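Thanks for coming, everyone. Let me put the structure up, and then we'll walk through it.

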Amino acid sequence: MFRFAFALCAMAFPMDLFAQTHGLSPYAGLESREIKSLSEVDLEDLRLGRGWGLALAAELNGVPGPAHLLELEAELDLDAGQVAAIEDIFAAMQAEAQEAGERFIAAEAAIESAFRDGGMTPDALRALIDTSAAARAELRFIHLSRHVETPPLLTADQIARYNDLRGYGAADPCDAVPGGHDAGMWRRHNGCDG
């Protein structure tokens with residue numbers, strides 16, 4: 001009798017687990033987005049020329065970018081010449097990033113439209129994805145290249161101070177979110193919640 005009850009429980013457990021894991025999709029609700037692959041925050045960031053996390057390879061390897069350098073101007077004791085040069089880099093980056101961001105949004109909107117309209121073919125999909133990928137690559141280049149331009153303007157001490165102020169090199173990046181970062185994005189990029 002005990003074996004029968006145990007077997008019955010063992011068979012019921014996987015069914016209960018199956019029922020619990022096949023509920024709503026984590027994407028439920030996203031179907032109402034104008035462009036399904038981009039949130040309203042994504043669209044705003046792209047249109048304003050924000051970094052969108054595209055320069056993390058530089059930023060998290062100790063290569064400062066212009067936006068955050070300007071935010072930390074006083075703490076880094078930047079002189080007027082440094083500030084003027086960094087402002088020029090930032091202005092050019094932002095203008096180019098806004099244009100590239102619009103191209104990326106348009107490419108993603110074209111993919112969205114093609115799926116909405118139906119009749120997608122593999123060749124058409126490849127062309128649409130290639131266009132989107134090229135726009136995203138250009139956007140990433142714009143942001144990363146400005147991280148390449150800023151270090152020659154700084155002293156080694158300013159770069160070290162920048163990285164310290166931003167919280168890089170700390171034992172656990174999840175312990176404190178550096179100033180200037182979106183807390184949710186910081187935690188997601190650093191695997192803090194998973």
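Leaving aside its neighbours within four places in sequence, which residues is Trp52 in contact with? They are Leu38, Asp42, Asp45, Leu46, Phe104 and Arg136. Contact here means heavy atoms within 4.5 Å.

Some ground rules. This is a predicted model, where local features need pLDDT of at least 70 and side-chain atom pairs count only at pLDDT 80 or more, while totals for chains, interfaces and linings use all residues. Residues are numbered from 1 along each chain as its sequence is written, and side-chain values use heavy atoms, with hydrogens and water left out.

Now the overall fold. The protein chain has nine helices and zero strands. Helices (H or I, at least four residues) and strands (E, at least two) are DSSP runs, numbered from the N terminus. Of the 194 residues in the chain, 28% are buried. Buried means under 20% relative accessible area, exposed means over 50%, and partly exposed is in between, with a 1.4 Å probe and protein chains only. Take the contacts between residues at least 6 apart in sequence: 70% of them join residues at least 24 apart.

Back to Trp52. Trp52 sits in the loop between helix 2 and helix 3. Its phi is positive, about 60°, although it is not a glycine. Most residues other than glycine have a negative phi. Asp77 also has a positive phi, about 55°, and is not a glycine either. Find Asp77 in the loop between helix 5 (73-76) and helix 6. Asp77 counts as exposed because its relative accessible area is 65%.

Next, the inside. How many residues does the largest nonpolar core have? It has 14, and those with the most contacts inside it are Leu38, Leu46, Trp52, Phe104, Ile105 and Leu139. A nonpolar core is a set of buried Ala, Val, Leu, Ile, Met, Phe, Trp, Tyr and Cys residues joined through side-chain atoms within 4.5 Å. Helix 2 (40-48), helix 6 (80-117) and helix 7 (122-149) each supply at least two residues of this core. Helix 6 gives the most, with five residues. Apart from this core lies another, of eleven residues, among them Leu72, Leu78, Leu154 and Trp186.

Look at Asp45 in helix 2. Is Asp45 buried or exposed? Asp45 is buried, because its relative accessible area is 10%. Not counting residues up to four places away in sequence, Asp45 touches Arg50 and Trp52.

On to helix 7. Its 28 residues should span 40 Å at 1.5 Å a residue, and its end C-alpha atoms are 40 Å apart, so the two agree. The expected span is 1.5 Å times one less than the number of residues. Several residues of helix 7 are buried, including Ser132, Ala135, Leu139, Ile142 and His143. The buried residues of this helix pack against helix 2, helix 3, helix 4 and helix 6.

Across from there, take Ala106, in helix 6. Ala106 is partly exposed, because its relative accessible area is 45%.

Pro151 is in it, between helix 7 and helix 8 (156-166). Setting aside residues up to four places away in sequence, Pro151 touches Val63, Pro64 and Ile159. Pro151 and Val63 are 88 residues apart along the chain, yet their C-alpha atoms are separated by 6.6 Å.

Last, the open space. What volume does the largest pocket have? About 730 Å³. On a 1 Å grid over the protein atoms alone, a pocket is an open set of points where a 1.4 Å probe fits, with protein on both sides within 12 Å along at least five of seven lines, and lining residues have an atom within 4 Å of a point. The volume is the space filled by probe spheres set on the points. Of the 32 lining residues, the closest to the centre are Arg50, Gly51, Trp52, Gly53 and His68.

His68 is in helix 4. His68 counts as buried because its relative accessibility is 17%. Leaving aside neighbours within four places in sequence, His68 is in contact with Glu59, Tyr162, Arg166 and Gly180. That's my tour.
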